[in-house]
Amino acid sequence: MADETAPGFGASAWLIARKDLTVEFRTKTAFFSAMVFTVLGIAIFFFAWDSTAVASIDLAPGVLWVVFVFSGLLALQRSFSVEQSDRAMDALLVSPVIREAIYAGKAIANLLFICAIQLIAVPAVALFYNLPLGRPLLVLLGMAWLTAVGLVAIGTLFASMAVNTRLAELLLPMLSLPFFVPLVMSASYASTKLLAGRPAAEWWPWLRILIGFDIVFLVACTLAFPFTLEE
Amino acid sequence: MTSVPTSAAAPRADLPPATLPRPFGALFLLAVLAVIGLYIRSIYFTPIEAVQGAAQKIYYIHVPAAISAYLAYSLVALGSVMHLWLHDARADRLAESAAEVGLVFNTVVLTSGPLWAKPIWNTWWTWDARLTSTLFLWFIFAAYLVLRGAIDEPAMRARFAAVLAILGVLLIPFIHMSVYLFRTLHPMPIMLQPSAFQPNNPAPPLPPVMRTTFFLGMGAFMLLCVALVVARYRYAALRDAAAEANS
Amino acid sequence: MAAPAESRVHAIEATDLVRRFGRRHAVDRVSFSLGSGDCLALFGPNGAGKTTLLRLLAGLLRPTAGEATINGAALRSDQDARRNVGLLTHQTMLYPALTARENVRFAAGLYGLRDPETAASEALALMRVSDRAEVPVRSLSRGLQQRVSIARAVVHRPRVLLLDEPYTGLDAAGAAALTGMLRELRAAGAALVLVTHNLGEGLAIASHAAVMLAGRFTRFDDATALDAAGYGAEYVQLVMAAEGARG
């Protein structure tokens, strides 16, 4: 048709991301539950540890990343379930949109969702655990976002698989958590050193692993995604 | 009790055709004999190691089991790639079979390791790169089997499992790297018992008697691994043929 | 070697199309072709394979054998050719939390339309739901949701439209709007495949009629010359004979 252009990768991905975020914004349930879970989790960890035995500044990073992972999973769960209710996925698959763009769009939406949670969680942790404010906190936020990219790359792919199975809510964590471990490990050690005021040379190798993980698994999961769609 | 017809009646529809081989054959028997031979030789005919004592003999099972697990997991990766590329159900059957067998050997590694480590290192477990990677292989392939169990449709099950297997294989280097980095930046406490089999020290050369036992162990376990994969594959073929006949 | 006498590209063409699930042939060697402006009404009992055939034509399923092309292009390898295809089923494929307008505008964006807003408004007006366009779809009745779904399916003015029981849930006004829209599309040169249980509605707009039983076309007729009542009686006979044979 004269008024059509082939939808580009970026445009399609952004269209799908916007759609997902609009749906999420309308219903708000997932965002609020993830938010509440995050803040509650951070608080509970604080009470679970004896703060006289372990310095809160040593505890904070570990708590941060563990809570991120589990609230991130809450976000990822609903990523593909939104397409299930009336088989909206069929409409996406019938359209000329490139399959990988569907993955990219959903990953972007998930990333923004998780980053929004982190924007609130990181200050919350700083507040509860008396962390130094200022530049270290900004670098911490940067680390959080790098970690989020890896979480989202893996989680979006496995969410696409899990939604088709009988044990969706159980399978997504079971599949994803082994993959989240290098992310959490690297982020945790890097942020511990950062908050302890260590020089960048000590936490930079961990960031390198994070970045390497993000790149490798973004590519691998994008390539794997079409295999998770109906044949 | 209903009697079984003895005349040459038409084959029942729910049984697979007679041309498919039975799961356990000569290869498996040979493998079992080899393993029994290994046990006998390692317990009665191999000397006890001077420093570590009798516990060292777990080595003849532990290392071969680890190699067998890696062999099996490589077959899973191979089968997964072949399946995604060729859409062939046989490649998926290979992956499925090798995954179960690999998980069994992996469990042997993870249980024999602590049994060996406790008398030698005075600790059940240590988070060094190799142990952690082995543990994560276990997690991934346990998840692999759970995933397979959660999907009814055969084509989808094969595809999803293949994707997980390939990604899982990609993950292991990252686990290894992360833990290795952790170890170099955080020196571990010195083990309480001095031993030639420290995590970061190379093992001294084995005397010939022990070396022979070790190679027997390698041969026996790898033979068992292959025999089990073959048996499990045949079982899967029989099961799929029966399911098709009934559908 | 002589060139083929006729190499006209058909709007919809199926050549020896087969789709197997395990051993079951859901679609068993179906061949037909439709030109632009044609409409095939496809009848058949539940489980005959009509939905599977439609999904094969839409490029949602991979054929086990054979080929399905739209304007000469195989949709599974030529993603761009999907611009000409629309799909409508009894599932609305809508996002309940979004408004009707947002849903249709999203679909317009997926097809790369230069002015999605105008196209969406036109499609909604065509199906007479413009007055409820700013309401979240989940608060609309089933019939209105189906109308929005139809608007979504035709917003990009497809040259080929595949419909699977599209009249489900529609009231008389909605059905009339749909029939009118289908006639318009046909007049503009679009080719349609319409799966329906309603013989009358199907024959009213069809140029061809087919009966599908157990994955095959048992009949394929030129519908313009058909007597609806007679056809109906023959159809019932065919279906009952098939069910009797299956026992």
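**Figure 1. Strands β8(C) and β9(C) form an antiparallel pair joined by six bridges.** Strand β8(C) covers residues 208–213 and strand β9(C) covers residues 216–222. Helices (H or I, at least four residues) and strands (E, at least two) are DSSP runs, numbered from the N terminus. Two strands count as paired if DSSP finds at least two bridges between them. This is a predicted model, in which local features need pLDDT of at least 70 and side-chain atom pairs count only at pLDDT 80 or more, while totals for chains, interfaces and linings use all residues. Residues are numbered from 1 along each chain as its sequence is written, and chains are lettered from A and ligands numbered from 1 in the order in which they are written. Within the pair, A209(C) stands opposite D221(C), and L213(C) has R216(C) as its bridge partner. The hairpin of β8(C) and β9(C) has two residues between the strands, and A214(C) takes a positive phi near 50° there.

**Figure 2. Strand β8(C) is largely enclosed by the rest of the structure, because five of its six residues are buried.** A residue is buried if 20 or more other C-beta atoms lie within 10 Å of its own, exposed if 12 or fewer, and partly exposed in between, with C-beta atoms placed from the backbone. β8(C) also pairs with strand β3(C), residues 39–43, in the parallel sense over four bridges. In this pairing, L42(C) has A210(C) as its bridge partner.

**Figure 3. Six strands of chain C form an open sheet with mixed pairing.** The order of the strands is β5-β6-β7-β3-β8-β9. Strands of a sheet pair through backbone hydrogen bonds, either parallel or antiparallel. At the edges stand β5(C) (85–88) and β9(C), each with a single partner strand, so one side of each is left without a neighbour in the sheet. On average, neighbouring strands are turned by 15° against each other, direction ignored. Helix α1(C), residues 50–57, packs on the sheet and touches β3, β6 (160–164), β7 (191–195) and β8 of chain C. Two residues are in contact if their C-beta atoms, placed from the backbone, lie within 7 Å. The direction of α1(C) makes about 155° with that of β7(C). Axes are lines fitted to C-alpha atoms, for helices over the stretch in contact, and angles run from 0 to 180 degrees between N-to-C directions.

**Figure 4. Three strands of chain C form an open antiparallel sheet in the order β2-β1-β4.** The edge strands are β2(C) (24–34) and β4(C) (65–70); each has a single partner strand, so one side of each is left without a neighbour in the sheet. From one strand to the next, the twist averages 20°. Strand β1(C), residues 12–21, runs antiparallel to β4(C) and is joined to β4(C) by five bridges. V18(C) has its bridge partner, A65(C), in β4(C).

**Figure 5. Helices α1(A) and α5(A) cross at roughly 45°.** Helix α1(A) covers residues 9–27, helix α5(A) covers residues 99–128, and their axes come within 7 Å. The two helices are therefore oblique to each other. Angles under 35 degrees count as roughly parallel, over 145 as roughly antiparallel, 65 to 115 as roughly perpendicular and the rest as oblique. The crossing is right-handed; a crossing is left-handed if the near helix is turned anticlockwise from the far one by less than a right angle, and right-handed if clockwise. Residues of the contact include F9(A), W14(A) and L21(A) of α1(A) and I102(A), L112(A) and F113(A) of α5(A). By class, the contact has 14 nonpolar, two polar and three charged residues. Ala, Val, Leu, Ile, Met, Phe, Trp, Tyr, Cys and Pro count as nonpolar, Asp, Glu, Lys and Arg as charged, and the others, Gly among them, as polar.

**Figure 6. Helix α7(A) packs against helix α4(B) at an angle of about 155°.** L171(A), M174(A), L175(A) and P178(A) meet F136(B), F139(B), I140(B), A143(B), V146(B) and L147(B).
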